Amino acid sequence: MIPDLAGVVLGMVMCLAGGSKIAMGQRWPQEARSMGAPTLIITVLPWMEITVGALLVTRVLAVLIGLVALAMILSFTGLIIAHLSKGRRPICACFGIWSAQPLGWRHIVRNGILAVMAVISIM
């Protein structure tokens, strides 16, 4: 029950993140480039987040998709830590128009919570 709830909530968060990036239009690719994201990632990331999120919500291949979500979250967190450790604070477009703020340690805390949810979702 708790793993299913964690998976559904995390899935909704990931769908929101992907959808809000798409809603940004051309601003999302620009802000993603400022974070150092490669063009291929910029192109597929919103759709990947929506796909992974939808699979988490429906609990299809729950363990595998939970691991994919965890890997994505840890990758995002690593990128944030790399920027902050170098004193860089580019705009975070992690949640599209709802998160257009400079990177900060709160982003790491948020991702830590999401990572815990991913771990719980695969239990």
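How do the residues of the lining of the largest pocket divide into nonpolar, polar and charged? They divide into 24 nonpolar, 2 polar and 4 charged. Here Ala, Val, Leu, Ile, Met, Phe, Trp, Tyr, Cys and Pro count as nonpolar, Asp, Glu, Lys and Arg as charged, and the others, Gly among them, as polar.

This is a predicted model, in which local features need pLDDT of at least 70, side-chain atom pairs count only at pLDDT 80 or more, and totals for chains, interfaces and linings use all residues. Residues are numbered from 1 along each chain as its sequence is written, and side-chain values use heavy atoms, with hydrogens and water left out.

**The pocket**

The largest pocket holds about 530 Å³ of space. A pocket is an open set of points on a 1 Å grid over the protein atoms alone, where a 1.4 Å probe fits, with protein on both sides within 12 Å along at least five of seven lines; lining residues have an atom within 4 Å of a point. The volume is the space filled by probe spheres set on the points. Of the 30 lining residues, Lys-21, Leu-45, Glu-49, Phe-76 and Cys-94 are the closest to the centre. Elements giving two or more residues to the lining are α1, α2 (27-34), α3, α4 (62-85), β1 (91-92) and α5 (105-121). The largest share, 7 residues, comes from α4. Helices (H or I, at least four residues) and strands (E, at least two) are DSSP runs, numbered from the N terminus.

**Helix packing**

Axes are lines fitted to C-alpha atoms, for helices over the stretch in contact, and angles run from 0 to 180 degrees between N-to-C directions.

| Helix pair | Axis angle | Axis distance |
|---|---|---|
| α1 (residues 2-23) and α3 (residues 39-58) | roughly 155 degrees | within 7 Å |
| α3 and α4 | about 140 degrees | 9 Å |

The α1 and α3 angle makes α1 roughly antiparallel to α3. The α3 and α4 angle makes α3 oblique to α4. Angles under 35 degrees count as roughly parallel, over 145 as roughly antiparallel, 65 to 115 as roughly perpendicular and the rest as oblique.

Contact means heavy atoms within 4.5 Å. In α1, residues including Lys-21 and Ile-22 meet α3 residues including Leu-45 and Glu-49. This contact has 15 nonpolar, 5 polar and 2 charged residues. Leu-45 and Glu-49 are also among the α3 residues that meet α4, where Phe-76 is one of the partners. The α3 and α4 contact divides into 10 nonpolar, 1 polar and 1 charged.

**The α3 to α4 loop**

Arg-59 is found in this loop, with a positive phi near 65 degrees.
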